[in-house]
Every structure is written in structure tokens, then in C-alpha cells.
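Reader: Please take one part of this model and look at it closely. Then place it in the rest of the chain.

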Amino acid sequence: MVVRPGALAELPALLRHAAPAHRYAVVTDANVAPLWGDTVLRLLRQEGLVADPIVVAAGERAKSRESWAEVLDSLLALGLGRDGCVVAVGGGAVGDLAGFAAATFLRGIPVVQVPTTLLAMVDASVGGKTGIDLPAGKNLAGAFHHPRLVLVDPSTLATLPDQELRSGLAEVVKHGAIADSTYLVGVMAERDAIFDRVASVLAVVVARSIQIKASFAASDPYELGPRKALNAGHTIGHAVELLSGYALPHGHAVGIGLVVETRAGELAGLTAGGTAARVELALGTLGLPTRVPAAMDPAAVLAAARSDKKTRAAQLHYAVLSGIGAVARTGDGGWTFALADDLVVMALEQCRERA
Ligand SMILES: NC(=O)c1ccc[n+]([C@@H]2O[C@H](COP(=O)([O-])OP(=O)(O)OC[C@H]3O[C@@H](n4cnc5c(N)ncnc54)[C@H](O)[C@@H]3O)[C@@H](O)[C@H]2O)c1
Ligand SMILES: [Zn+2]
């Protein structure tokens, strides 16, 4: 893992060392190709590496079965063999797709991740999860495929729209909320530098968030224990994202989910009073929404949470903060709580936008 302003220039040398290959396929999307994909190709070719682009549709559309199949066909057409390597340059969508293509091509070839969104830097590129969506839902096909190298150059965030930056900041707030209150306060204090894309400040933020994510994910690939803490805000967040018809960006929905779940934790007596208000303050400072849209009925939100294809749980489970900077644990060491529906409905009501 390399996190440094200007690190992109070191990519060729790092590739030779961490992922030597006959040919590199640079997978990127239509937005990122002219901004950063072409730069990466040029850098690799300048240093004598054989590199060709594969450009997919931008956004979640990249994670379709069709585009996965197209990437596999392109890898073959470009002449990649088992001694080839995929370099993913883009957001989490490109990273998930390219990682899954690499995991499945010829039963697996190496992948290198070069994330260019804040969300991909602090979340998607850490932990080795790759995958695509099925018509029935998000991330329903996938594999663990750890990258040979993750190279984060915060300078690439210069071209990222504010809205996308904010989406990543919601996960940053989550990281602070579950593990490090000092970090959370620091991020709030650096708001202006963050939105001005000051690369040195962004590098510090990304590095700390990666550390936090890795500390929960490293020992727990299959999400049986500590990794569940990283789902804080996501049970309700996913439901809100779904009910918005994906009009709300993931991070925005997760922020709202974090407020609701934290309020529910307070009502359950698991979370110190005032914690939800502090989460709201942090999100608000960074320009993120904190309230459930008025149009979303609490019962509908719960029903949507229950429809999640990957859990199909009769009983919903939540990772709950004990206060800012720590998660609550169950009596027998568990990481999630089965909060009662009526309590969550109450929290949803209390955290709902006034119509
Ligand atoms: N594998 C994991 O552990 C994991 C974790 C979290 C999220 N994800 C996945 O990540 C995806 C979301 O990632 P995302 O938020 O990065 O979305 P994204 O990849 O769709 O990127 C968002 C938008 O920003 C554009 N973009 C990317 N980098 C840019 C740059 N530097 N400048 C200008 N525009 C740029 C993209 O073209 C796209 O339009 C989801 O599919 C989600 O499931 C995976
Ligand atoms: Zn998330």
C-alpha cells in the first residue's frame, strides 16, 4: 500500500517490483480515461512496459455481467496470459469489476488497484473484495482477490466532483465514529483543505482511514467478527439508498443510516447520549445530509432493509457505537445487536426530515 501525493509517477517502478508482468491491461471508465487512465498508460509505456487500455462505462453500470464478459474478452484479445496483470484505475466500480475480471480470467491473474475516488481509496480498495451486480441486486457475484499493490495518489482527487468527494467522506466519518474520535475532530477541522483538494491533507486522511478499515478487516475476511463494525450505518443506509432509487449516493445514504442507527443505539441504552448529535454535526460540517427524507416511511425503510438479498434476515442486525470512537460489544463478544423493530422505527421517526 502506497499513499503519497505524486505517487502515480512511481507506478511503473512499483509495478516492476510488486507485479512484474509481460503485459498490463489498464482498466478504467469513460470519465477517468481522459483524466487519469491516459496518464497511467503513458507513464507505463515511457518506462518500457507493455500496456493497453480497456475502457468501460462510468458508474455502477460498469459492474454488469455484460461488462465483466467484455473485459474478459478484451483481456484475451489483447493477448494477456497468466503472466499478464490488470491495473484498475478509477472508482470503486472500476476496482470491483476489474478485480473480479482478474480473479476469474484464466482462474486468476494479478490485479493492482489505483483508486481515484475518495470512497475507493478509503474503502473499496482495502480488504480484497471484488464483484459485480446481478439484475436482482448489488454485489451478488464476487470473489476475494487481494491486489498485489494499492497505489493511492491523492492528487487524482483534484478532478473528483464535490458530490463524489462527500460520498467518500461519509465513510471517513464512519471510520472516526467507530474507532477514533480525535481523527473525526481532525477531519472536521480540515474541511476547507479537504475541499480545496490539498493533497498532503488528503493523504493523511486516506492513510488513517485505510489503517482503521484494515484493522477491522485484516483478521476477518469472511465478516464473522470485527469486520462487522465496518457495517455501521449500512443496514439502514442500504435501505435508504434503495428507496431513493439510488438517487442518493452511497455515502450520503450511509451517513443518514449512521445517524439513525446511532440514535437507535441511544434508545436501546447501548450508546452514550448525545452521540447521534455528534455524528450529525460531523456529517453536516462536511456538507452531508443527516436526515431521512420525509417521503420515506419508517416501515418502508425497515422493509427495504429486510429485502437485502445478501442477508435475508428475519431479524435485522446492527453494528452500534458505544460512543464516538468505539463500537458496542454484546455480552458474549459479538459485534452486532438485534435491535427491536419498534425501537428502530422510533429512531427513524426522530431522524426524519420534517415534510
Ligand atoms: N470492494 C469493496 O470492498 C467495496 C467497498 C465499498 C464500495 N464498493 C463499491 O464501490 C462502488 C462505488 O465506488 P465509487 O463511489 O468510487 O463510485 P464510481 O466508481 O462509480 O465512481 C464515481 C464517479 O466518479 C468518476 N470518477 C472516478 N474518479 C474520478 C476522478 N479522479 N475525477 C473525476 N471523476 C472521477 C467515475 O467515473 C464515476 O462517474 C460501488 O459499486 C460499491 O459497491 C466496494
Ligand atoms: Zn459503504
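Reader: How many other C-beta atoms lie within 10 Å of Asn139?

Author: Asn139 has 16 other C-beta atoms within 10 Å and is therefore partly exposed. With C-beta atoms placed from the backbone, a residue counts as buried at 20 or more such neighbours, as exposed at 12 or fewer, and as partly exposed in between. The model is predicted: local features need pLDDT of at least 70 and side-chain atom pairs count only at pLDDT 80 or more, while totals for chains, interfaces and linings use all residues. Residues are numbered from 1 along each chain as its sequence is written, and chains are lettered from A and ligands numbered from 1 in the order in which they are written.

Asn139 lies in strand 7. Helices (H or I, at least four residues) and strands (E, at least two) are DSSP runs, numbered from the N terminus. The phi of Asn139 is near 55 degrees, a positive value in a residue other than glycine. Most residues other than glycine have a negative phi. Tyr246 is another residue other than glycine with a positive phi, near 65 degrees. Tyr246 sits in the loop between helix 10 (234–243) and helix 11 (250–267), and it is partly exposed because 13 other C-beta atoms lie within 10 Å.

Next, the domains. The assignment divides the chain into domain 1 (2–158) and domain 2 (161–350); such bounds come from an automatic or database domain assignment. The domain centres, taken over C-alpha atoms, are 27 Å apart. In domain 1, 20 residues are in contact with 22 residues of domain 2, where contact requires C-beta atoms, placed from the backbone, to lie within 7 Å. Strand 7 (137–144) and helix 5 (118–124) each supply at least two residues of the side of domain 1 that touches domain 2. Helix 5 gives the largest share, five residues. By type, this side of domain 1 has 14 nonpolar, four polar and two charged residues. Here Ala, Val, Leu, Ile, Met, Phe, Trp, Tyr, Cys and Pro count as nonpolar, Asp, Glu, Lys and Arg as charged, and the others, Gly among them, as polar.

Six strands form an open, parallel sheet in the order 1-8-5-4-2-3, two strands being paired if DSSP finds at least two bridges between them. Its edges are strand 1 (2–3) and strand 3, each of which pairs on one side only. Strand 2 and strand 3 are joined in the parallel sense by six bridges; in strand 3, Val56 is the bridge partner of Asp29.

Helix 2 (residues 32–46) has 15 residues and spans 20 Å from first C-alpha to last, close to the expected 21 Å, a figure that is 1.5 Å times one less than the number of residues. Helix 2 bends by about 30 degrees at Asp38, the bend being the angle between axes fitted to the seven residues ending there and the seven starting there. Its buried residues are Val32, Ala33, Trp36, Gly37, Val40 and Leu41. Their cover includes strand 2 (23–29), strand 3 (51–56) and helix 4 (92–104). Just after helix 2, Gly48 has a positive phi of about 85 degrees.

Ala93 belongs to helix 4 and is buried because 25 other C-beta atoms lie within 10 Å. Beyond its neighbours within four places in sequence, Ala93 is in contact with Gly59, Glu60, Ala62 and Lys63. From Ala93 to Thr28 the C-alpha distance is 9.5 Å, across 65 residues of sequence.

How values were computed: Two residues are in contact if their C-beta atoms, placed from the backbone, lie within 7 Å.
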